[in-house]
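Subject: Structure handover

Hello,

Here is the structure I said I would pass on. My notes on it follow below the entry.

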Amino acid sequence: MDLVAGKTYPAERRAIRHVDPVLVIAALVLATAGVLMVYSATHASLVTQHLDPGLYAKKQATFLALGIVVAMAIASFDYRFVKVYAGLVYGASLVLLVLVRTPLGATVRGSQRWFQLFGFQLAPSEVSKLAMIAMLAAFLSELHTQELTLQDVFRATAIAAAPALLVFVQPDLGTAIVIASILVGVLVVAGTRPRHLGVLALAAVVLIFGSLQLGLVKDYQIDRLTSFLDPESDPLRAGYNKKQAEIAIGSGGLTGLGYLEGTQTNLDFVPEQHTDFVFTVVGEEFGFVGAMTMLLLFAVVLWRAFRIALLSKDPFGTYLAAGIASMFAIQVVVNVGMTLGIMPITGIPLPFVSYGGSSFLTNSAAIGLLLNVHMRRFK
Amino acid sequence: MTEGRTEPRLKLLAGLVAFMFAALTTRLWFLQVLTSAEAREKARNNYVHLVESAAPRGRIIDDQGNVLVENRTTLVVTVNRQEAGDGLESDIYTLSKLLGISAEEIARRVESPLYYENSPVPVASHVSKKVAFYIGEHQGELPGVTVARVPVRTYPQGSLAAHVLGYLGQVSPDQLQDPAFEAYEPGDRVGKTGVEAEYEHFLRGTDGVTKYRVNSAGEILEQLSERPPEPGDDLVLTLSSDIQGLAEESLQVGLEHARRTIDPTRNKPYMANAGAVVVLDPTTGAIKALASSPSYDPTFFVRPHTSEQYEQMFGAATGYPLLNRAIQGQYPPGSTYKPFVLLSALRRGIADTSAYYPCPPFWEVPEDPLHESFDNWSKTDWGSISLSRALFDSCDTVFYPIGYQYWRIYYPPTSPPKEPLQEDLKKMGFGSATNVDIPYEKAGRVPTPEWKAEWHRNDPENYPSGKWFPGDFINMSIGQGDTLVTPLQIAQAFATIMNNGRECVPHIAQRIQKASGEMVMRIRDHCGRRVPFTHTQLEYVRNALAQVPIQGTAASAFRGFPFSQVWIAGKTGTAQVTGWQDYSWFAAMASAEGKEYVVVALVEQGGHGSMTAAPIVRRVVEGLYGLPMSGFLSGGATD
């Protein structure tokens with residue numbers, strides 16, 4: 001490693017000039033849309049509870065402002081510092097994941113996922129995704145190899161497995177799936193033989209069946225995961241979310257019912273609408289045109305992320321960007337796919353749009369990292 | 001980029017992501033463009049909640065303005081399965097304890113396939129106010145359970161005219177398929193019999209519907225639209241409660257009298273198990289009374305009942321009280337048929353009013369090698385008598401040769417067959433329904449050679465011969481054999497004789513009016529069809545029949561009747577039914593003070609016509625004209 005901590009280079013002062021405006025604008029548009037969607041999803045039920053209709057939207061706007069600060073802060077120092085402290089951050093995230101299981105963590109609806117801090121809920125699982133990406137990128141970039149050995153693949157898998165397992169037992173199946181997907185994405189970019197990926201897949205299958213056999217996966221999780229295959233089987237429980245989400249999106253039609261005009265949205269028929277099912281607001285109120293526009297914005301973010309991975313001056317930056325791209329991609333596909341009824345229902349938020357501080361700030365930090373790699377792409 | 005092979009790997013990953021985005025886009029297109037209309041419909045069903053308010057059914061009123069049927073409200077507990085959702089099981093448990101009905105029974109009612117998933121299913125009616133109040137107060141614990149105020153029928157005059165009025169029941173699955181019942185939903189109540197069924201579409205009214213916008217919790221946010229219920233129209237009958245009461249009472253008196261009278265042929269009292277009385281205005285066809293016994297309490301159908309209860313109430317043990325014997329009972333007319341046979345014989349030149357005919361105790365079929373013999377009801381040889389006396393004394397042996405003459409016309413059979421007797425009887429209205437405005441009327445039967453052949457083909461076991469014999473005509477001439485009539489057909493035919501050959505279709509409805517009294521529709525009289533007999537022939541028969549109560553077969557039953565005040569003519573009938581005691585008939589025409597009536601009485605297993613039916617008719621006629629009641633003067637064992 002040729003980086004000496006604390007030493008500054010003259011070129012660094014000009015880095016701000018090389019910020020990626022396309023990525024910044026796409027992310028800001030998505031985040032702004034998110035605030036509006038959160039308002040639409042929550043204002044009516046807040047009014048019936050005699051609360052400020054803008055309560056959630058204002059909080060989300062606060063997260064947006066905080067997120068900008070976080071992204072700028074993270075972009076401001078050379079990302080190679082991340083490589084230096086990756087182990088520390090990764091270790092700290094694992095500690096938090098363990099601590100959240102202790103009485104320090106709050107239990108909400110059967111899951112122990114959050115720390116209650118100053119009126120906000122902090123979900124360490126969100127932070128752990130980014131920490132894991134950094135650790136993985138640091139580890140793989142140090143191998144200095146074009147092709148990974150099976151041993152390397154196993155080591156990389158171990159890095160992902162630790163947070164994945166801790167998240168899985170919360171239980172938060174969705175984030176565990178995201179972590180596993182990030183691992184696969186980064187491994188592909190780092191050069192894993194298809195044969196080794198096959199071994200990994202086999203191991204995953206054994207693991208899944210093993211956990212089913214041992215009863216590690218709760219019944220409701222299986223129900224939710226499989227209900228998308230047959231929503232009519234139990235329309236009032238697991239299939240209900242999916243059915244109502246599809247009705248909301250379908251009734252949007254080509255151009256939507258108009259902002260704040262969606263009946264499914266306003267009358268509370270879609271559960272978890274401001275968080276996991278926020279895409280249904282877009283679908284119902286802005287129709288096919290609106291939904292496609294949002295998907296396009298995500299495509300722009302992903303395009304820029306892959307581009308940054310390609311432009312990075314070092315493998316660490318490449319893996320970092322590829323990991324972040326994988327994280328965004330899998331979250332968008334699983335989240336949107338779930339609202340459309342073609343993916344299992346798992347509690348994965350839609351990046352930038354879903355209500356929630358931990359998720360938003362993690363995504364902001366990820367954008368900060370991408371910008372960082374982009375700004376410092378010149379050797 | 002430092003390592004050259006990273007680029008294709010990144011592109012592979014990006015390609016994978018692009019592929020997944022393409023899948024999302026396809027699905028979006030499917031949901032939002034191809035199947036959007038269905039989703040919008042579902043979204044509408046989500047937030048629009050319909051609350052129906054039942055329209056009060058129209059009342060049924062007699063010709064004096066007395067109410068026969070009106071409404072009262074009852075409290076009905078309903079369960080909406082969709083709204084109950086997961087709470088259905090606890091709903092059933094709570095309701096079971098509250099209503100004292102087993103949980104299995106409630107579950108069975110709730111799961112009724114007659115109702116849509118999202119419509120309220122009635123599980124208990126006539127619940128107490130206390131139960132209704134409890135349910136109202138505990139809505140949180142009883143999701144989807146509501147108490148509805150539902151109008152039900154009430155009968156201020158009890159079981160009076162029960163058969164005419166009819167009763168309500170749940171609309172049947174067959175009716176729901178019928179376009180005429182398009183506006184009906186499963187569980188709706190509909191007239192099943194009587195005028196309730198005949199005038200269903202006037203009486204029903206239109207249910208009100210209020211549309212509300214609700215949220216996912218089922219809370220009402222606003223009212224979207226409201227259509228108030230429109231009450232059904234009132235039905236005014238030609239029937240008069242006083243006359244109906246008189247007819248029912250007289251029938252009852254007659255039945256009880258017959259049950260105390262010994263049947264000499266069997267040496268036991270008459271069963272007199274059932275009977276019917278018809279009172280008709282011959283000038284219009286308006287039915288003033290239509291009594292049928294045994295009767296029933298119509299309030300039975302207001303409450304839910306099991307099929308066992310139904311069987312117990314209305315089965316063989318109670319003599320099938322739902323049967324309206326005045327229009328659904330089919331009986332051999334016996335001698336009440338003779339006036340019509342005579343009219344045909346006069347028309348066809350078979351009989352002559354100026355001639356005299358022998359009336360021996362028995363008569364043998366000529367040219368019959370077996371010398372088959374047909375008896376008169378009397379063992380006395382009356383010598384030669386006029387046709388008029390043959391009618392008022394009901395001489396069978398005068399009518400047998402008349403019947404035989406029709407055999408001579410018929411045989412050998414031609415194509416088309418010559419059947420003038422059947423033709424004339426059908427012209428009098430026999431063998432087909434009168435088309436009275438009460439459903440499920442029976443047609444009776446005028447037997448013909450073709451009919452007999454067909455019955456033999458269809459059921460050779462019970463009808464061993466399909467051949468038409470002289471005996472068929474001979475039996476028909478005295479209203480026996482395979483001939484069947486309903487009491488209403490006899491009444492209509494006598495009305496036609498009284499009306500000088502002008503036939504009126506009997507009807508029981510007079511008009512339909514709004515609750516305010518505003519006229520909706522007048523039910524017109526259907527008179528005018530003429531029967532093919534001359535005024536002279538009809539007058540001859542009328543005059544002959546006028547002698548029946550004076551010096552004929554009903555003279556003993558009409559002892560002391562004020563013939564100078566009320567003109568009355570009639571005919572007795574004693575119908576023989578194989579295996580049963582004789583059926584007693586009397587049909588009468590009466591006229592006084594410009595008011596005309598035809599009164600017909602039939603008593604199953606009631607003995608001779610003059611014994612049971614004639615005194616019933618006399619009692620009714622006395623009541624109709626306000627004459628002093630003579631008591632029940634049972635006549636002798638005449639025909």
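In chain B, 72% of the contacts with a separation of 6 or more are between residues 24 or more positions apart; two residues are in contact if their C-beta atoms, placed from the backbone, lie within 7 Å. The model is predicted: local features need pLDDT of at least 70, side-chain atom pairs count only at pLDDT 80 or more, and totals for chains, interfaces and linings use all residues. Residues are numbered from 1 along each chain as its sequence is written, while chains are lettered from A and ligands numbered from 1 in the order in which they are written.

Chain B overall

Chain B has 23 helices and 25 strands. Helices (H or I, at least four residues) and strands (E, at least two) are DSSP runs, numbered from the N terminus. Of its 639 residues, 43% count as buried. A residue is buried if 20 or more other C-beta atoms lie within 10 Å of its own, exposed if 12 or fewer, and partly exposed in between, with C-beta atoms placed from the backbone.

The three-stranded sheet

Strands β1, β8 and β9 of chain B make an open sheet in the order β1-β8-β9, with antiparallel pairing. Two strands pair if DSSP finds at least two bridges between them. β1 (48–53) and β9 (220–227) of chain B are at the edges with a single partner strand each, so one side of each has no neighbour in the sheet. From one strand to the next the twist averages 25°. Axes here are lines fitted to C-alpha atoms, for helices over the stretch in contact, and angles run from 0 to 180 degrees between N-to-C directions.

Six bridges link β1(B) to β8 (residues 208–214) of chain B. Among the pairs, B:V48 has B:R213 as its bridge partner in β8(B), and B:V51 is opposite B:T210. On to the next pairing: β8(B) and β9(B) are also antiparallel, over six bridges. B:R213 stands opposite B:E222 in β9(B), and B:T210 has B:E226 as its bridge partner there. How many of the eight residues of β9(B) are buried? The count is zero, and the strand is hardly covered.

The five-stranded sheet

Another open sheet in chain B has five strands in the order β14-β13-β25-β24-β23, with antiparallel pairing. Its edges are β14 (286–293) and β23 (567–575) of chain B, each with a single partner strand, so one side of each is left without a neighbour in the sheet. The twist averages 10° from one strand to the next. β24 (residues 583–592) and β25 (residues 595–604) of chain B run antiparallel and are joined by nine bridges; B:A592 has B:K595 as its bridge partner in β25(B). Helix α23 (residues 609–624) of chain B packs on the sheet and touches β13 (274–281), β23, β24 and β25 of chain B. The direction of α23(B) makes about 30° with that of β24(B).

The cores

A nonpolar core is a set of buried Ala, Val, Leu, Ile, Met, Phe, Trp, Tyr and Cys residues joined through C-beta atoms within 7 Å. The largest has 125 residues, and those with the most contacts inside it are B:V277, B:F494, B:V599, B:V600 and B:A601. Helix α20 (residues 487–498) of chain B gives the most to this core, with eight residues. Leaving aside neighbours within four places in sequence, B:F494 is in contact with B:A587, B:M589, B:V598 and B:V600. Apart from this core lies another, of 122 residues, including A:Y90, A:I182, A:A245 and A:A305.

Chain A

Helix α5 (residues 150–168) of chain A bends by about 30° at A:A161, and a proline, A:P163, follows within four residues. The bend at a residue is the angle between axes fitted to the seven residues ending there and the seven starting there. Buried residues of α5(A) include A:A156, A:I159, A:P163 and A:F168. Among the elements covering the buried residues are α3 (80–99), α4 (124–141), α6 and α7 (194–213) of chain A.

The contact between the chains takes 42 residues from chain A and 35 residues from chain B. α11(A) gives the most to the side of chain A that touches chain B, with 12 residues.

Regards
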